Amino acid sequence: MKPSIPQGTRDFSAAVLRKRNFIFSTIRRVFELYGFEPLETPAMENIETLMGKYGEEGDKLIFKILNNGLNHPDKKESALVDFESVLNGKTSKGISERALRYDLTIPFARYVAMNQGQLTFPFKRYQMQPVWRADRPQRGRYREFYQCDADIAGSNSILHEIELALIYTTVFNDLKVPVEIHLNNRKILQALAEQCGGESNLTNITIAIDKLDKIGLEKVKSELLERGLTNDQVRIIEQYISLEGENQKIIEDLQRLFSKSNIGIEGTNELIEILHEVQKSNPASNIKLNPSLARGLNYYTGTIFEIKALGVEMGSIGGGGRYDDLTGLFGVKGIAGVGISFGVDRIYDVMEELSLFPEKIQEGTVALIFNTGVEKYHLLHAAAVLRNENISCEIFHEQSKFDKQFKYAEKKSIPYIIIIGEDEISKNSATLKDLKTGNQQVLKIEDLKKAIKP
RNA sequence: GAGGAUGUAGCUCAGCUGGUUAGAGCGUCUGAUUGUGGUUCAGAAGGUCGUGGGUUCGAGCCCCAUCUUCCUCCCCA
């Protein structure tokens, strides 16, 4: 049979993995710096943990795992009945009782709900693991992809929003990816909904205005009308999403538009505080109010973030926000949460497109010890000395022409080669050559480490 | 889930209205060159033309199905 992998999944070669790990380790380091602790949860969850948490569309995109043993004679009849309900679009525990995780937030909520007695609140965790979606793959969209989430459970403090924004700034600064942090607040959208026929319209409004960037004002307006809003209501929304310009100007406009709405004022004040503190703590933060930012996921109730890479066509490379009732879905009330997520696969694509990966990260082996056919002992000894100094090196596997050994080093981006032949052994030394400059020198084995730049 | 494009050597791609033995560049390997690479030169290997059916005297090319990748919609990271 011809080897292949499932649609939308990928193998990662060494060159790709080194770059990915560069992103992962940057994010991990910053998460740790802010006091988040690691968590991993299983690839699969019980199916009822996931179903119904991501909306109707989300349910369709969850990968369900077929139960084992369906062919057992004793179960045949019940399996047939259960399968009938699957054919009617319902899930059935008789056919599937597990599913692959769809994101990291719901498993986190499940974990907090399960372990609330043991955890120290506020509970700050980060998690970097793959998630799976049965979506149709496209550029920047995969069926298996990684998320890196940091969330805080059990605190309403706005300090977290401020620090999460600072994490975004720090990580993308470290990666040298130019970004805009888009900021908005669901409370303001709620105030807007109240002015437009009540909260029942909130979802209709958020879904439509979230697309403003993509489809433009006219299409957003027609979508709003299709979703049953009146002309007057659409006019109010148009006024709202047309707000643009400097953050300060948008703030003033929001204050004017929602001067009579308590929730609107509350949301605006949160925005003001976050903007103020973030820019004061790290002036490099490119944080931008975006009134049309809504985010599809309905569990958000306060601040919302989204990260837009500058200079490339790419969907958002990160997002997050505050959700008041994280664990309510699992029967534990009163635990608020706030969190952010990094889309590593898209960050990778952006960095690739902008050529932002440092060349340095492709170096695995630092030195290649040529095989000159001398006693293996001499080669192994030199390798051991280097390895003791934490310099990664390898010995060419067989004696062969230098030409071949040089080419091997070149292919693997190994910066140094070391030659130990009869001449060198007689002088208890080694020849070290820097492949980049072409310079070479004869040194004592013990002095190699000094000549090799890390 | 709906619609559209795509697939030929390890990689990037040619391949005429259907006609003998499917080509190029790059890469790989061998040699010039058994202690000094990146250059050059000579040669070689490498293909069930995504897969399975069909039409035809004859299919890389036409038809059907299926899979992959990519694009639009939906949704998202």
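Let's start with K19, which makes a salt bridge with E352, and the closest N and O atoms there are 3.0 Å apart. K19 sits in helix α1, residues 14-33, and E352 in helix α14, residues 344-353, so this pair ties together parts that are 333 residues apart in sequence. By salt bridge I mean a side-chain nitrogen of Lys or Arg within 4 Å of a carboxyl oxygen of Asp or Glu. And helices here are DSSP runs of H or I with at least four residues, strands are E runs of at least two, both numbered from the N terminus.

Quick word on what you're looking at. This is a predicted model, where local features need pLDDT of at least 70 and side-chain atom pairs count only at pLDDT 80 or more, while totals for chains, interfaces and linings use all residues. Residues are numbered from 1 along each chain as its sequence is written, chains are lettered from A and ligands numbered from 1 in the order in which they are written, and side-chain values use heavy atoms, with hydrogens and water left out.

Back to that pair: is K19 buried or exposed? K19 counts as buried, at 15% relative accessibility, while E352 is partly exposed at 35%. The cut-offs: buried is under 20% relative accessible area, exposed is over 50%, and partly exposed is in between, using a 1.4 Å probe and protein chains only.

How many salt bridges does the whole structure have? The search finds 26. Another one is R29 with D174, at 2.9 Å from N to O. R29 is in helix α1 and D174 in helix α6, residues 159-175, so that pair links parts 145 residues apart in sequence. R29 is partly exposed at 45%, and so is D174, at 30%.

For a local one, look at K407 and D403, with their closest N and O atoms 3.5 Å apart. Both lie in helix α16, residues 402-411, four residues apart, or about one turn of the helix. K407 comes out partly exposed at 44%, and D403 likewise at 45%. There's also a network: R10, R20 and D345 are joined by salt bridges that share partners.

Okay, the sheet. It's an open one of eight strands with mixed pairing, in the order β1-β5-β6-β11-β10-β9-β7-β8. Two strands pair if DSSP finds at least two bridges between them. β1 (37-38) and β8 (287-289) are at the edges with a single partner strand each, so one side of each has no neighbour in the sheet. Further in, β5 (residues 123-132) and β6 (residues 144-153) run antiparallel, joined by ten bridges. One to find on screen: Y126, whose bridge partner in β6 is A150.

Now α7, residues 186-195. Eight of its ten residues are buried, so this helix is largely enclosed by the rest of the structure. The buried ones are R186, K187, I188, L189, Q190, A191, L192 and A193. What covers them? Among the elements in contact, meaning heavy atoms within 4.5 Å, are β7, α8 (202-209), α11 (231-241), α12 (247-257), α13 (262-281) and β9.

After the helix comes G197, with a positive phi near 85°.
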